[in-house]
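Dear colleague,

Please find below the structure I am handing over to you. My findings follow it.

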Amino acid sequence: MAESMNTEELILPWTEEPFPVEIREEAQRVLAEWRAGAQNPDIEGYTIPLEFGTGGIRGVIGNGLGRMNLYTIARVALGLSRHLLKKSKKPILVISYDSRRMSKEFAVVTAGVAAANGIKVKIFPKLAPTPVLSFAVRHYKATGGVMITASHNPPEYNGFKAYLNDGGQLVSPDDAQVIKAVNQVKNWSEVPILNKTSPVYKKFVSDVEPIVFEKYKKKVFASLIYDKKKKAEQRKSIKVVYSPLHGTGGVYMKELLTEAGFSKFYFVKEQQKPDGEFPTVAYPNPEEEAALELTIKTAKAKKADVFIATDPDADRLGVGVRKVDGEYELLNGNQIGSLLCAYMAEKYTNSAKYKFHIYKTIVTTDLQTSIAKKNKIKLKNVLTGFKFIANEMAKLDGKKENRFLFGGEESYGYLPVDFVRDKDSLSSALLFLEVCKEKGDILGYLDEIYLRYGLYLESLKSLTLQGEAGKKKIQDSMDSLRNKELVGLNIGDRKVISFLDYKHKTVRGAAKKSVFSGIPAANVIQLELEGNAKITIRPSGTEPKVKVYCSFCSLVQPKTIEEIAIQKAVLQAEIQKSEEKFVAMAGLHE
């Protein structure tokens, strides 16, 4: 619809039917402003189309081809529906939604489009987390799924995530095929918008039954993460404070954890109820300390042992643990993932019966690589994005001796069960509490991990370079890095020993080309440095942003807990110095 169109042709259709009068009037005003040479957000909403990425679309709610609205959602739903009809003679689509503005309306429109195409739809009668949607796709043996969410973005955003029949997000070749199907929708009049009272809607659309979450819980309690033999008193002794940050996690998290035996469970009351305005936080993101202020306050008031928080669609998990002085230590995504990974790896090393597998993204800490290696468990790195972990999990299906053990990414997403195919804060929270129950002192256990597997620390620097000039600067930087001979250079105190270009799948130095095995091409460059250190640079595909990730192992391995603090300070200073040098080398000063 957007290809080969000039700007006026993008706006004009919105001035006509099938759009309602209020949208047509706004489009006419926008068209007049554009013709007069104006530039403003309204014009951008009609003239810069939303890009369908490999997983779906996400953007600000509003009118026009560049905003999230009933029509742009319906268009994407139509493209997905046509793809599902090619995949199955009797396709089934499962739909869920979070607490955001318009989420339910977008879910209903998606269901109506699918119904108009003769597709059976199961839609959650109330909001539900992303991991439950993923599980439901598998439960119903559905052809696909849709989650209406914009994750932890501000209130004005919403999004549409598409899933395949394994419960994982779109991957190749389906992603390109769905994008093509969406782009082939040329005329708004061919996009069906059905009302819930429509006979066609009623014929094809029905509610997801409560049994789905019951079966999810049953599988969690039968999984490797939950020890039924442990005495209930141990779980009852742990005091937990939880915030769903106004999102979907509330009733689901409480139900799962209290049934598991963690009965001392307290909500952050101000953030307990779903609310798409997210009134108590600037960003509903458990990665941000500012979003956890009320959680910390409640935890202190309750003298909780641990607090947990989830984002609006409850796929990401943040945690904090109580220290001796009554303050709380916030753990980052690499630390949480490594704690869960180590606990599972130490409990389930490979045996004659099972070969366990761990997956992580290429920017997630290599501490987990060390954990897997020392416990004789196979670990594979994948590109950033949980869909790539899900895709690897799918390869294990049907191989009884091969079992998925754990998957994670540094951005607070983890999966410790094999019957969900996306990040899962619910099962991850339960596993974290199981670790708390068994280990007692979580920070002490983290120190044990550092002593046993190596002291690793990480950093993430996100640079925003606005406008077309910013995008060009980022691309010039990537081109420059590709053309430089970096192997042998020093970055800080370490020599570059390998250069890996994931876009062209080329390596220089010590690395082997087999590192790219099974990994799609991506605009990512990674440097390996002496002493188990990596620097990775990855531009955003849709925003003028570039991220630089560092993961360094200490050059001096601490032998005692007292030495950890000393070496941490040294390592943090080294990472900061190396990060600054690399950013300068890349020509990316803001």
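A cavity here is a set of grid points, laid over the protein atoms alone, where a 1.4 Å probe fits but cannot get out. Please keep in mind that the model is predicted.

By this rule, 4 cavities of 30 Å³ or more are counted. The largest cavity has a volume of about 60 Å³. Its lining is formed by Ile362, Val363, Thr364, Asp366, Gln526, Lys534, Thr536, Tyr549, Cys550 and Ser551. Two elements give two or more residues to this lining, namely strand 21 (533–539) and strand 22 (545–553). Strand 22 provides the largest share, with 3 residues.

I turn next to the nonpolar cores. The largest nonpolar core has 126 residues, and the members that touch the most other members are Val94, Ile308, Leu430, Phe432, Ile537 and Phe582. For Val94, when neighbours within four places in sequence are set aside, the residues in contact are Lys122, Phe124, Leu133, Ala136, Val137, Tyr140, Ala142, Gly144, Gly145, Val146 and Val208.

Val191 deserves a separate paragraph. This residue is found in the loop between helix 7 (174–183) and helix 8 (199–204). Is Val191 buried or exposed? Its relative accessible area is 8%, and the limit for a buried residue is under 20%, so Val191 counts as buried. Leaving aside neighbours within four places in sequence, Val191 is in contact with Tyr71, Ala74, Arg75, Leu78 and Val185.

The last item is helix 17. This helix covers residues 442–453, has 12 residues and reaches 16 Å from its first C-alpha to its last, close to the 16 Å expected at 1.5 Å a residue. At the start of helix 17, a side-chain oxygen of Asp441 reaches to within 3.3 Å of the backbone nitrogen of Leu443. Within the helix, the buried residues include Ile442, Gly444, Tyr445, Leu446, Asp447, Ile449, Tyr450 and Tyr453. Just after helix 17, Gly454 takes a positive phi of about 120°.

With kind regards

Note on methods: Residues are numbered from 1 along each chain as its sequence is written. This is a predicted model: local features need pLDDT of at least 70, side-chain atom pairs count only at pLDDT 80 or more; totals for chains, interfaces and linings use all residues. Side-chain values use heavy atoms; hydrogens and water are left out. A nonpolar core is a set of buried Ala, Val, Leu, Ile, Met, Phe, Trp, Tyr and Cys residues joined through side-chain atoms within 4.5 Å. Buried means under 20% relative accessible area, exposed over 50%, partly exposed in between (1.4 Å probe, protein chains only). Contact means heavy atoms within 4.5 Å. Helices (H or I, at least four residues) and strands (E, at least two) are DSSP runs, numbered from the N terminus. The expected span of a helix is 1.5 Å times one less than its number of residues. A polar contact is a pair of N or O atoms within 3.5 Å; within protein, one must be able to donate a hydrogen and the other to accept it, and residues adjacent in sequence count only if both atoms are side-chain atoms. On a 1 Å grid over the protein atoms alone, a cavity is a set of points where a 1.4 Å probe fits but cannot get out, and a pocket is an open set with protein on both sides within 12 Å along at least five of seven lines; lining residues have an atom within 4 Å of a point. Grid points are joined across faces, edges and corners, and a volume is the space filled by probe spheres set on the points.
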